[in-house]
Number of protein chains: 2
Amino acid sequence: MKNIDDLKIGIVGLGLMGGAFAISLRKSNKHLKILAYDIDNKVLELAKSKNIIDELFYDAGKMVPKCNIVFLCINPKDVLEFMDKWMESFSPGTIITDIGGCKRKIFEKMETTLRDDIDFIPGHPMAGNENSGFLHAEKCNFNGKNYILVPLKRNKPDNLNLLKQLIYSIGFKRITETTAEDHDNKIAFTSQLCHVIASALIDCEPNTEITKFGGGSFEDLTRIAMLNVSMWTELFIENNDYLVERIEQFESSLDKLKILIAESKSKTLSDILGNVRNRRITME
Amino acid sequence: MKNIDDLKIGIVGLGLMGGAFAISLRKSNKHLKILAYDIDNKVLELAKSKNIIDELFYDAGKMVPKCNIVFLCINPKDVLEFMDKWMESFSPGTIITDIGGCKRKIFEKMETTLRDDIDFIPGHPMAGNENSGFLHAEKCNFNGKNYILVPLKRNKPDNLNLLKQLIYSIGFKRITETTAEDHDNKIAFTSQLCHVIASALIDCEPNTEITKFGGGSFEDLTRIAMLNVSMWTELFIENNDYLVERIEQFESSLDKLKILIAESKSKTLSDILGNVRNRRITME
């Protein structure tokens, strides 16, 4: 297995997550080399001038062959396009990973079309926030966060281990390995459903002055409504089978509570709220 | 108008909010005197030993006549009971205020039954959190928070001004004066609906291990599910006419988004998410 210090890591897309990877890798690993490609030259030049990356590329095709590991930090739909376009450019042995929020499509495609001598390990760092763009990357901290990996059957154990070592080195506290189905089902709940709820909360109330009556709950529940619109539209629709199930699962509990509240059933309501409170405490 | 420095302020109930009032008053106003009553003697003695209060009372009836201002930091239903029980004990000119999350009932009752020579100003500091009890009071910060006042027609302008001066002195940034109807309607949205949503999110998913897939959104949306069960059951039911309307208003937006997602209507969906994002940004 390769040593982390000797790696050349390529980052495709220096946005919020790509930028945060570069910054975290730079801080935690003094010797590895960080290469980066982005469609925005200014962002590349800024990152280079701040010594966050070692080498910048205006052409992805020139960077790809030089890397041992490539992080594709671009929108999910661009990942397959990128792989199609540059499939022949990777050097043998290269490990590639993505950060997308839906895994079934990428998993299937990579299981069947990937070159035999390179390895693609689908991944999902659970570390985004409501911001986007490189300028916010510094505040996107990985410490203590979760990371999901969805290994292909063909992934080499050494490659998987190297990637995990790298992930832990930049602060993530827990890596969970699972299937693409399980990932998409659970992420539909913990992430996508929450974004839909936040958006519905803002959508349903026309009076923006209502925040005069805010005490923190509303603000906390709706912060993620400041989402990256194109990325989340894509995620919601790509995962819509699981997401719609999850919305309905939530609606059913919400309806149950609504009826108890409407009918002033305080004993049953307080029993449910007590259970909810206890279960949420164990989730901390 | 009285000078803040000369006031004797009585706090009834040294829980999360009562404790936070005592701590903030002590920090911001060196000269006023803080008196406190609680059903838990140990909490009173702890607060006295930490010099957070000047005088402790095991009997509310002995404290009440000594105060210029009384903060009733107890559950809403206990406020009316307290006022009934001690109505004759207040000294002439005393200002009384509460902190409850529903205002119509207390407003009506106080407009009609209050002694002529004392003043009750219903209030609602928007500064709670998911904790309860005096031991968490220190972390309950008022800086930059909202405060709602629901003045009775009979409140004296001088008394209202004194209370507002006191509220600003402990860190609150904005006081909004409104009617009991308007308060209950808007709080049903910004506060109670959010607590119902958080509870439904926890209620609907039996697998507590789902947090392995958490990236912050789920955690932020459900933190308030660790609520004070008896207080929130009471608030939900007391305000159930407005709250049920607010739940249905939210359900309608959620359903609209669900259908767009299910039908892969990406253009309409992304238009709505774009509007939501922009409106949420102006709400900051």
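How much area is buried between chain B and chain A, and what share of that area do carbon and sulfur atoms give? I started there, keeping in mind that this is a predicted model.

**Entry 1: the chain contact**

I got about 8,100 Å² buried between chain B and chain A, with carbon and sulfur atoms giving 69% of it. Then I asked who supplies chain B's part. B:Phe213, B:Arg280 and B:Met283 supply 10% of the area that chain B buries against chain A, more than any other three residues.

Next I looked up salt bridges, and the count between the two chains is eight. I noted down one of them, A:Glu248 with B:Lys258, where the closest N and O atoms sit 3.0 Å apart.

**Entry 2: a helix pair across the chains**

I picked H7(A), residues 180-203, and H10(B), residues 240-262. Their axes are 8 Å apart and the packing angle is about 125 degrees. That angle makes H7(A) oblique to H10(B). I logged the crossing as right-handed.

Which residues meet here? From H7(A) I listed A:Val196, A:Ile197, A:Ser199, A:Ala200, A:Leu201 and A:Asp203. On the H10(B) side they meet B:Phe250, B:Ser253, B:Leu254, B:Lys256, B:Leu257 and B:Ile261. Sorted by class, the contact of H7(A) with H10(B) has eight nonpolar, two polar and two charged residues.

**Entry 3: H10(B) again, inside its own chain**

I stayed on H10(B) and checked it against H7(B), residues 180-203 of chain B. The axes come within 8 Å and cross at roughly 55 degrees, so H7(B) and H10(B) are oblique to each other. This crossing is right-handed.

The H7(B) residues in the contact include B:Phe189, B:Gln192, B:Leu193, B:Val196 and B:Ile197. H10(B) brings B:Tyr242, B:Leu243, B:Arg246, B:Ile247 and B:Phe250. I spotted B:Phe250 here and also in the contact with H7(A). My class tally for H7(B) with H10(B) reads nine nonpolar, two polar and four charged residues.

**Entry 4: H7(A) inside chain A**

Last, I went back to H7(A) and looked at H9(A), residues 229-238. Their axes come within 11 Å and cross at roughly 115 degrees. I wrote this crossing down as left-handed.

A:Ser191, A:Gln192, A:His195 and A:Val196 of H7(A) meet A:Trp232, A:Leu235 and A:Phe236 of H9(A). By class I have four nonpolar, three polar and no charged residues for H7(A) with H9(A).

Note on methods:
Residues are numbered from 1 along each chain as its sequence is written. Chains are lettered from A and ligands numbered from 1 in the order in which they are written. This is a predicted model: local features need pLDDT of at least 70, side-chain atom pairs count only at pLDDT 80 or more; totals for chains, interfaces and linings use all residues. Side-chain values use heavy atoms; hydrogens and water are left out. Axes are lines fitted to C-alpha atoms, for helices over the stretch in contact, and angles run from 0 to 180 degrees between N-to-C directions. Helices (H or I, at least four residues) and strands (E, at least two) are DSSP runs, numbered from the N terminus. Angles under 35 degrees count as roughly parallel, over 145 as roughly antiparallel, 65 to 115 as roughly perpendicular and the rest as oblique. A crossing is left-handed if the near helix is turned anticlockwise from the far one by less than a right angle, and right-handed if clockwise. Contact means heavy atoms within 4.5 Å. Ala, Val, Leu, Ile, Met, Phe, Trp, Tyr, Cys and Pro count as nonpolar, Asp, Glu, Lys and Arg as charged, and the others, Gly among them, as polar. Buried area is the accessible area (1.4 Å probe) that two parts lose on being put together, summed over both. A salt bridge is a side-chain nitrogen of Lys or Arg within 4 Å of a carboxyl oxygen of Asp or Glu.
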